[in-house]
Amino acid sequence: MSTHSMFIERKTPYFVQRQIPKSRQTLFTKPHRHPISPSLFPFAHPRQTSASRIEHSASRIPPHAPIPHSLPPTMRPNGPRPSVTGPDSGPEPPFPLKLNGKVVKGFGRGSKELGIPTANIPVAGLAVGGHEDVENGVYYGWAGLNVGPDGAFTGERGTVYPMVMSIGWNPFYKNTVRSVEVHLLHAFPADFYAAHMNLLILGFIRAESDYVDKASLIDDIRTDIRVAERSLRREAAWGFEVDG
């Protein structure tokens, strides 16, 4: 064995304890990168821009996947809420929105479980009004109803009431159907199923939320009612005609 063969070239790392043929020394002296196959790591694209990442992710969604009306509900955030909603100058687009329909029987939870009665109209009313893609959440405005304050039907003559309403899935109760539930800010002595109700939605109060318990849900609905009352007291909220 020659003297030269007893030594390893200096460019070879010191921790290599055996002689390495020159044909393989480049593996240790130069960076070596193996190409990563996208098929092995479908989400590993470090050089993609944000737009291309979004396009790549969207391409993986089946064409038959349903499009949600809004983002999935989150737990109610802690902290105080605004006392009013919307600009003082009046509703801004897309408001006001108009909906209507006959009052139908709902889930029966408003009065019995929550102490907050609601009048439901068919969710199909959203499509009739061209608002089937409206975001889930809580809204406020006015309701025209052919029922007087005493609960008696008034025929074609209607009465206007302030209202707060919910559109969505009621995530606390894990509903499987979307619903439109309206709470009129008036205490009626009896139910008024089959009455016709026209809604004029003036603004958005908050997004749909989930809750840790029923008490938290009730507390948030009570806050919704106070926000609707204060928002409707503003002069700009009175300048709209509601069909009775």
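**Entry 1. Aromatic pairs**

I began with the rings and found that the structure holds five aromatic pairs. I counted rings of Phe, Tyr and Trp (its six-membered ring) as a pair if their centres lie within 6.5 Å, with planes under 30 degrees apart called stacked, over 60 edge-to-face and the rest tilted. The model is predicted, so I took local features at pLDDT of at least 70 and side-chain atom pairs at pLDDT 80 or more, while totals for chains, interfaces and linings use all residues. Residues are numbered from 1 along each chain as its sequence is written, and side-chain values use heavy atoms, with hydrogens and water left out.

I looked up Tyr161 and Phe188: this pair is edge-to-face, 5.1 Å centre to centre, with 65° between the planes. Tyr161 belongs to strand β5 (residues 159-168), and Phe188 to the loop between β6 (179-184) and β7 (196-207), so the pair links distant parts of the chain, 27 residues apart. I took helices (H or I, at least four residues) and strands (E, at least two) as DSSP runs, numbered from the N terminus.

Is Tyr161 buried or exposed? I read a relative accessibility of 4%, so Tyr161 counts as buried. The cut-offs are under 20% relative accessible area for buried, over 50% for exposed and partly exposed in between (1.4 Å probe, protein chains only).

Phe172 and Tyr173 have ring centres 5.1 Å apart and planes at 90°, so I noted this pair as edge-to-face too. Phe172 is partly exposed at 23%, and Tyr173 is partly exposed at 21%. I also noted a cluster in which ring pairs link Phe95, Tyr139 and Phe204.

**Entry 2. The chain as a whole**

I counted five helices and eight strands. From the N terminus on, I wrote the order down as α-α-β-β-α-β-α-β-β-β-β-β-α. The chain has 244 residues, and 35% of them are buried. It exposes about 15900 Å², of which carbon and sulfur atoms supply 58%; the areas come from the Shrake-Rupley method with a 1.4 Å probe, and for residues only the protein chains shown count as cover.

I then checked contacts (heavy atoms within 4.5 Å). Of those between residues at least 6 apart in sequence, 70% join residues at least 24 apart.

**Entry 3. Strand β7**

How many of the twelve residues of β7 are buried? I found nine, so β7 is largely enclosed by the rest of the structure.

I looked up its partners next; two strands pair if DSSP finds at least two bridges between them. Strand β2 (residues 97-102) pairs with β7 in the antiparallel sense over six bridges. Strand β4 (residues 137-145) also runs antiparallel to β7, and nine bridges join these two. Leu99 has Leu199 in β7 as its bridge partner. Met197 in β7 stands opposite Gly101 and also opposite Leu145.

In a regular strand the side chains alternate between the two faces of the sheet. For β2 I listed Leu97, Leu99 and Gly101 on the covered face, and Lys98, Asn100 and Lys102 on the uncovered one.

**Entry 4. Nonpolar cores**

I took a nonpolar core as a set of buried Ala, Val, Leu, Ile, Met, Phe, Trp, Tyr and Cys residues joined through side-chain atoms within 4.5 Å. The largest has 25 residues, of which Leu145, Met165, Leu184, Phe192, Met197 and Leu199 touch the most other members. Elements giving two or more residues to this core are β2, β3 (119-121), β4, β5, β6 and β7. The most comes from β5, with four residues.

Leaving out residues up to four places away in sequence, I found Met197 touching, among others, Leu99, Gly101, Ala119, Ile121, Leu145, Val182 and Leu184. A second, separate core holds 18 residues, including Val138, Leu200, Tyr211 and Val242.

Glu181 lies in strand β6 and is buried at 14% relative accessible area. I looked for polar contacts (a pair of N or O atoms within 3.5 Å; within protein, one must be able to donate a hydrogen and the other to accept it, and residues adjacent in sequence count only if both atoms are side-chain atoms). The Glu181 side chain has one of 2.6 Å with the side chain of Asn170 and one of 3.1 Å with that of Ser179. Beyond its neighbours within four places in sequence, Glu181 is in contact with residues including Phe107, Thr118, Val164 and Asn170.

Pro171 sits in the loop between β5 and β6, and is buried at 12%. I found its C-alpha atom 7.0 Å from that of Ser209, 38 residues apart along the chain.
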